[in-house]
Amino acid sequence: MENKGTRQYDVVVIGAGNGGLTAAIRVLQGGYSCLLLEKHNLPGGFATSFKRGRFEFEASLHELNDFGSPEAPGDIRTLFRELGVEEKVDWIRIPEAYHLITTDKKYDCEMPFGAEAFIDKMEQYVPGSRKSMTAFFELCEEVRDAQAYSTSVNGNTDSSYMKSHFPNFVKAGSYSVNDVLDSLKMPQAARDILNAYWCYLGVDCDRLSFLHYGSMVIRYITRDAWMPKMRSHEISLALESRIRELGGDVWYHSEASKIHTDAAGKITGVELKDGTVVATHHVIANCSPHLVFGKMLPASAVSEQVVRATNAREFSGRGFTMFLGLNKSAEELGIKSHNYFIYDTADSAKQFDMMRKVDTNHVQATVCLNNAFPECSPRGTCMMYFTTMFMSDDWGNVTETDYFRAKDRVAADMIRVFERETGCNLHDHIEEISVASPTTYARYCGHPEGSIYGYLTADWDSLMPRLMMMKEDARLFPGLRFVGGYAMRSSGYSSAYVSGDISGRQTVGDLKAEVK
């Protein structure tokens, strides 16, 4: 651990999750001093791994989108190059986009990467869908270009430039996924298959912003998905190493408990749980605004406007994950794909409502990493990660006496559903099992209600309003910015890294403006 003296830092970053790690590097690259505080003994937050028996499980990452190949890099690989960490990590390419199974309409579709290959495969499943699918990808390209422009100017977009260069982006800005697919006259079956990724954003397609969904889909399908060989913790360690190379300080076992302010409400420092106070005027928080405004800042410094703005927001998906180490290979068990989406229904709005209750939620996004990296577990074995979300705090209604039985029931249901829909026998080959409930996530990361997706990106709080309000949000509490799943880019690995990039560079801009 670094010496906890009385040194002042230009910036203190609270939390060494994906966003915090990235933001710290950007601050240091801007020429300013930075301290990264982490209450755990390792960096990464959710981006970590853990061992059970002879298996090393990935804690959360299914695949990293918008990465691309070394020759044709996506935005995230390009960002990692700029951060100086791309070559610190060994990467593997995910073989296919996704395997969708629904139990009502009996979809069983394996979709590839690459826009042309994806459109061709869709045409096989849904004859007559080619025209609308082609129009969808063309529109998504414009969405991606518009967002790239916005990022390049740190969100300070010129409205006339947007209208002249990205007119369809502007037109689609206020519409949902299903609104736009209706306008494209996409066949219902093609829409059902295309919308499989919705659970990665945690909002049904009746309410999910098309710009948000289209942006994610185009990045997945045209730039592939990749994974570190040594799990997501390999990225976390690479980012942490880069911080130290740039002269930054990282303190572990150092939980930030308070943010100090002066009489005018200006940030003056960060206090640790042990009483140590670190002087700074700028904080980047890789944690929930509910936590920062509700517990860390003095009540006198938090305006009514901030309280109203924060409490108006709705928490998104609460996480539940099961990890299985199996004593047979994926091939022996008949597990064909890397990434499965299994839904009760292709109607995302109906499915979202079913996910509000513990007893009616049978959704799973399930990964078998061995189908991308066979050597990730001992020969003759494989690992699987099953994830679902609860779209309300129904897990909070589980009593203490029923808690472990409830975890067992949900875990057993995940296995039952996967076996029923794929024909694979998992139950008889379980060597290791570990289960994380919303309670686990709340305890581990301090997220309210165990939310792993931050705030619900729907209606007024969807992606585009967040991006458009970055300036105004920063003015609510000068010197404080957020990164990670609760920030402007919402949940997901790629989004967290981008939020760290944006907030880190914006904080550098704040510091430069102060000098001027």
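The accessible surface of the protein chain in this predicted model comes to about 20700 Å², and carbon and sulfur atoms account for 50% of that area. Buried residues make up 59% of the 516 residues in the chain. The C-alpha trace spans about 65 × 55 × 45 Å along its principal axes, and the radius of gyration is 22 Å, which agrees with the value near 24 Å that a compact globule of 516 residues would have. Among contacts between residues at least 6 apart in sequence, 73% join residues that are at least 24 apart.

The chain holds 19 helices and 20 strands, and seven of the strands form an open sheet with mixed pairing, in the order β8-β7-β16-β17-β18-β15-β19. Strands β8 (108–111) and β19 (430–436) stand at the edges of this sheet and have a single partner strand each, so one side of each is left without a neighbour in the sheet. On average, neighbouring strands of the sheet are turned by 15° against each other when direction is ignored.

Strands of a sheet pair through backbone hydrogen bonds, and they may do so in a parallel or an antiparallel sense. In this sheet, strand β15 (residues 318–326) pairs with β19 in the antiparallel sense over six bridges, and within that part of the structure F323 has S434 of β19 as its bridge partner.

| Helix | Residues | Strands it lies across | Angle to β15 |
|---|---|---|---|
| α15 | residues 403–422 | β7, β15, β16, β17, β18 and β19 | about 65° |
| α16 | residues 438–445 | β15, β18 and β19 | about 100° |

The loop between α16 and α17 (463–468) contains the tryptophan W460. Is W460 buried or exposed? Its relative accessibility is 52%, and because a residue counts as exposed when this value is over 50%, W460 falls into the exposed class. When its neighbours within four places in sequence are left aside, W460 is in contact with A312, R313 and P465. The C-alpha atoms of W460 and S174 are separated by 9.7 Å, although these two residues stand 286 residues apart along the chain.

Methods: Residues numbered from 1 in each chain as written. Predicted model: local features only at pLDDT ≥ 70, side-chain atom pairs only at ≥ 80, totals over all residues. Heavy atoms only, no water. Pairing = 2+ DSSP bridges. Helix = DSSP H or I, 4+ residues; strand = E, 2+ residues; numbered from the N terminus. Axes fitted to C-alpha atoms, helices over the stretch in contact; angles between N-to-C directions. Contact = heavy atoms within 4.5 Å. Buried < 20%, exposed > 50% of the residue type's maximum accessible area, 1.4 Å probe, protein only. Rg over C-alpha atoms; globule rule 2.2 N^0.38 Å. Areas by Shrake-Rupley, 256 points an atom, 1.4 Å probe, with all protein chains shown as cover.
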